[in-house]
Amino acid sequence: MTIDLDLPVSQPAIRAALGVPDLFVAATEKERRIAFLADYLASSGASGYVLGISGGLDSTVAGRLASIACQRAGATFTAMRLPYGVQKDQADVDDAIAFIEPTATVTVDIKPAVDAIHEATTDPDVPPKTADFVKGNIKARQRMVAQYAVAGRLGALVVGTDQAAEAVMGFFTKYGDGAFDVAPLLGLTKSRVRDIGRQLGAPAHLVEKVPTADLEDLRPGLPDEDAYGVTYEEIDAYLVGEKVSSRAQQVIEDAYRRTAHKRQLPPGP
């Protein structure tokens, strides 16, 4: 994928495009986002929300916000366990779901579907690292297939976990975890998601957990920051308008250009 050199790229432009506010008060933002979810649900006529819970910070916070909103609206919140076979941090998933207090829980093992698609499309000429990366994207898309299948049967909406730090880096799978109906964490830096998690009373080990997409078999549990080449601290500082090193700025802005297609509707003539 080529870098979009026509995309306006500057710190102020990126902050504005991703909706990162200058001022942030965790308690206020918590209530504002719960109210948004409750109001949107009421206006949509949907029966509730659905979200896959990974055991990480973002899905824990988004899940609890949505669960509270559903309680206020008299609707249902369905939490989904979506392991690829055996999930090593299953205890964290269980802790997150206990904290979120969903109306119902559904478990779908994505491994059979992922392996079938992967094996049917395997090309021996493709390098193993590339094939494994593509398989990781299949996992993310299969998880979203499962969530929309459940949401469709319930007449519910799918909650996304996208936030500003991942959005600026394009660190999500197109039509995978980048597909959803509502995005309650929109415009939040990673540290601000943590602050809202603390306001909600989320378990400390989930709030402080090292973020990982954990999609690659060859690099299991790879921390997001290792994939980025910059830290969340640097990304968050950039997003709130602070000065960062020239190297960090270059990495962030290059990633933003390179992944522009993920944040836009598909182009046409």
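Me: Why is Asp58 called buried?

Reply: Buried means under 20% relative accessible area, exposed over 50%, and partly exposed in between (1.4 Å probe, protein chains only). Asp58 has 7% relative accessibility, so Asp58 counts as buried. This is a predicted model, where local features need pLDDT of at least 70. Residues are numbered from 1 along each chain.

Me: What makes Glu166 count as buried or exposed?

Reply: The relative accessibility of Glu166 is 11%, so Glu166 counts as buried.

Me: Which helix holds Asp58?

Reply: Asp58 sits in helix α3, residues 57-73. Helices are DSSP runs (H or I, at least four residues), as are strands (E, at least two), numbered from the N terminus. Glu166 lies in helix α7, residues 164-169.

Me: Where does UniProt place the feature "binding site"?

Reply: The unreviewed UniProt entry places it at Asp58 and Glu166. They are spread over 109 residues of sequence, yet they cluster in space, with a largest C-alpha distance of 10.5 Å. Such annotations may be inferred rather than shown by experiment.

Me: What does Glu166 touch, leaving out residues up to four places away in sequence?

Reply: Contact means heavy atoms within 4.5 Å. Among the residues that Glu166 touches are Asp58, Lys190 and Tyr228. Asp58 is also in contact with Lys190.

Me: Why does the radius of gyration of the protein chain agree with a compact globule?

Reply: The radius is taken over C-alpha atoms, and the globule rule is 2.2 Å times the number of residues to the power 0.38. For 269 residues, the rule gives a value near 18 Å; the protein chain has 18 Å, so the two agree.

How values were computed: Predicted model: local features only at pLDDT ≥ 70, side-chain atom pairs only at ≥ 80, totals over all residues. Heavy atoms only, no water.
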